[in-house]
Amino acid sequence: MDDSARRPCTMTARAAVILAAGQGTRMKSATPKVLHKVGGRALLDRVIDTVQATGCQKIVVVVGAGASPVRDLVVRRLGEGAVAVQDPPQGTGHAVMAAREALAGFEGDVLVTNGDCPLLAPADLEPLFALRADGVDLALLGFEPADALLYGRMATMADGRVSRIVEPKDASPAELAIRTCYAGMLCADKGKLFGWLDRTDNRNAKGEYYLTQVVALADADAALTKAAIVPESAVMGCDTPMQLSQAERIFQDAKRAQFLADGVAMLAPETVHFSWDTQIAAGVTVEQFVVFAGGVTVETGAVIRAFSHLEGAVVHSGALIGPYARLRPGADIGEDAHIGNFVEVKKVTVGKGAKANHLTYLGDGSVGAGANIGAGTIFCNYDGFDKWETHVGEGAFIGSNTALVAPVTIGAGGFTGSGSVITKDVAADALALERGKQLENPGWAARFRERKLAERAAKGKK
């Protein structure tokens, strides 16, 4: 068919089929492959995020039989109707055919992508939809790997048409020299795609239905097939622990570069680890060996000192965290507050200018503005069955080695004596002191030493 007779389609509806039925045996893990994480987020979650960002109105995820954790993720994210089951597994083409029923009633373009490509971005997929809008019948995603040994080559004509995909074992020396390889992602009109899939066969060494066979079938129908090329890192899969670690390294390097460009000061960025949703404002300083797990926000002017671990926490402007601090989910550290070395905070709001500088556990409750928490203080929040809250008022002073047994409240400006076990509320501006009476026995130490020296001397004569 002459290209001039083709009319670009516009405003076409979009759907996606994500292939997540692979068993991932090479990962050598009880965790399904697509549930392993990069940047603290499951591979499949990351792919769903990317596909949603392209504007797909319908997303179907193909899972394997019995893959309940994967199914659970899909249902949680997209609903029961987004699940398609491939049982038994018979190749990538068969996997896409398993999504037919879930796509019933949809008309438009269908994107097919793998579920284990954590670095895939919406910008990498948009060229496929752009090719479709330009009148291309079958749009493929290609890349040029550093080592093409295991990848299918895209046989491309002089006019840019792709006529077929050649597997390495079937390729001639000339075809093996082709640099452009198929990435596993394609896009086509739903009706045409499933029409080609219905004509695939499993006459091959593995007895499977390959998605790549649709390229030759499209060419036989004189359909126009073209490819968009993206970087290798964008489409890298994670089939092994090594590949997972490589993807993590690429993700971390990109995050470090992003935050440095945004004005975050890092003394040794290669030692700092981020999560997919980490938010750090310009003007923050991050020292060496800091880990940002999921759900962390840090405001400008804060300093995160070395060897600290933050998760599910908010750090407000000017706060000082660490070194060796641990902020757990629900920690909310106020402006100019200090959380020091070997201090752990969980589900506690710490007010402006408050300080807990040493060896302390703050769990469930609040610390008022300007309060000082002495070294060795513990919020005793768990009674073996339930969690209870501790509230320390503004300007309060908690003496070192105090155990605050929740539920308990220390009033504004209240004091507790060092070494106290506080089990009752303390009024504002009051002093609470709970410790045993100190006794002194004059001369006891000297007599003790004399007795011990005499015992040793007697033993030496025997």
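Author: Let us begin with Asp-198, which is partly exposed, with a relative accessible area of 47%. Buried means under 20% relative accessible area, exposed over 50%, and partly exposed in between (1.4 Å probe, protein chains only). This is a predicted model, in which local features need pLDDT of at least 70 and side-chain atom pairs count only at pLDDT 80 or more, while totals for chains, interfaces and linings use all residues. Residues are numbered from 1 along each chain as its sequence is written, and side-chain values use heavy atoms, with hydrogens and water left out.

Reader: Which side chain meets that of Asp-198 in a salt bridge?

Author: Side chains of opposite charge can pair when their charged atoms come close. A salt bridge is a side-chain nitrogen of Lys or Arg within 4 Å of a carboxyl oxygen of Asp or Glu. Asp-198 meets Arg-100 in this way, at 2.5 Å from N to O. Arg-100 lies in the loop between helix 3 (92-97) and strand 6 (109-114), and Asp-198 in helix 6 (residues 190-198), so the pair ties together parts that are 98 residues apart in sequence. Helices (H or I, at least four residues) and strands (E, at least two) are DSSP runs, numbered from the N terminus. Arg-100 is also partly exposed, at 34% relative accessibility.

Reader: How many salt bridges are there by this rule?

Author: The count comes to 22 salt bridges. Another joins Asp-45 and Arg-41, whose closest N and O atoms are 4.0 Å apart; both residues are buried.

Reader: Over which ring does the charged end of Arg-41 sit?

Author: A charge sits over a ring if NZ of Lys or CZ of Arg is within 6 Å of the ring centre and within 35 degrees of the ring normal. For Arg-41 the ring is that of Trp-276, whose centre is 3.9 Å away.

Reader: Why is helix 1 described as largely enclosed?

Author: Eight of the 11 residues of helix 1 (residues 43-53) are buried, so the rest of the structure largely encloses it. Among them are Leu-44, Asp-45 and Val-47.

Reader: How many aromatic pairs does the structure hold?

Author: There are eight. Rings of Phe, Tyr and Trp (its six-membered ring) pair if their centres lie within 6.5 Å; planes under 30 degrees apart count as stacked, over 60 as edge-to-face and the rest as tilted. Trp-444 and Phe-448 are stacked, at 5.1 Å centre to centre with 10° between the planes. Both lie in helix 9 (residues 444-461), four residues apart, about one turn of the helix.
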